[in-house]
Amino acid sequence: MVKALKETGTDASDALYVGDAPSDITSAHAANIKIAAALWGSIIEPEKVAALKPDYTCHSVAEFRKIVLPE
């Protein structure tokens, strides 16, 4: 994640990582990048993901859309 930010010249405060695994949440937190947990579909451990306190929790694509495309 940090490498991608550096290569694109993007500040962590302007980034949003989307993931569905506990490791996605912990990696984003470690890199100081906001994380949206995608809890729709066939994820393996939704309770563990939610317990890691992602910045956003999305149970559908529509919920995610509201985060990235607010009205």
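# Worked exercises on a predicted model

Strands 1 and 2 run parallel where they pair, and four bridges hold that pairing. Keep in mind that this is a predicted model, where local features need pLDDT of at least 70, side-chain atom pairs count only at pLDDT 80 or more, and totals for chains, interfaces and linings use all residues. Residues are numbered from 1 along each chain as its sequence is written, and side-chain values use heavy atoms, with hydrogens and water left out.

**Exercise 1. Work out in which order the strands sit in the sheet, and which ones are at the edge.**

Step 1: Helices (H or I, at least four residues) and strands (E, at least two) are DSSP runs, numbered from the N terminus. Two strands pair if DSSP finds at least two bridges between them.

Step 2: read the order. Three strands make an open sheet, 1-2-3, with parallel pairing. The edges are strand 1 and strand 3 (56–58), each of which pairs on one side only.

Step 3: pick out a facing pair. L16 sits opposite K34 of strand 2.

**Exercise 2. Find the nonpolar surface patch that includes V18.**

Step 1: apply the rule. Patch residues have over 30% relative accessible area and no salt bridge; like charges are joined within 9 Å, nonpolar side chains (Val, Leu, Ile, Met, Phe, Trp, Tyr) within 5 Å. Areas come from the Shrake-Rupley method with a 1.4 Å probe, and for residues only the protein chains shown count as cover.

Step 2: look at V18 itself. V18 belongs to strand 1 (residues 16–19). Its relative accessible area is 39%, so V18 is partly exposed (buried is under 20%, exposed over 50%, partly exposed in between, with a 1.4 Å probe and protein chains only).

**Exercise 3. Describe the one aromatic pair.**

Step 1: know what to quote. A pair of aromatic rings is described by the distance of the centres and the angle of the planes. Rings of Phe, Tyr and Trp (its six-membered ring) pair if their centres lie within 6.5 Å; planes under 30 degrees apart are stacked, over 60 edge-to-face, and the rest tilted.

Step 2: The structure's one aromatic pair is W40 with F64, tilted, at 6.4 Å centre to centre and 50° between the planes.

Step 3: W40 is in the loop between strand 2 (34–38) and helix 3 (46–51) and F64 is in helix 4 (residues 61–68), so the pair ties together parts 24 residues apart in sequence.

**Exercise 4. Locate the one salt bridge and say how its partners are spaced.**

Step 1: the criterion is a side-chain nitrogen of Lys or Arg within 4 Å of a carboxyl oxygen of Asp or Glu.

Step 2: the partners are E7 and K3, with their closest N and O atoms 3.9 Å apart.

Step 3: E7 and K3 are about one helical turn apart, because they are four residues apart in helix 1 (residues 2–8). Both E7 and K3 are exposed.
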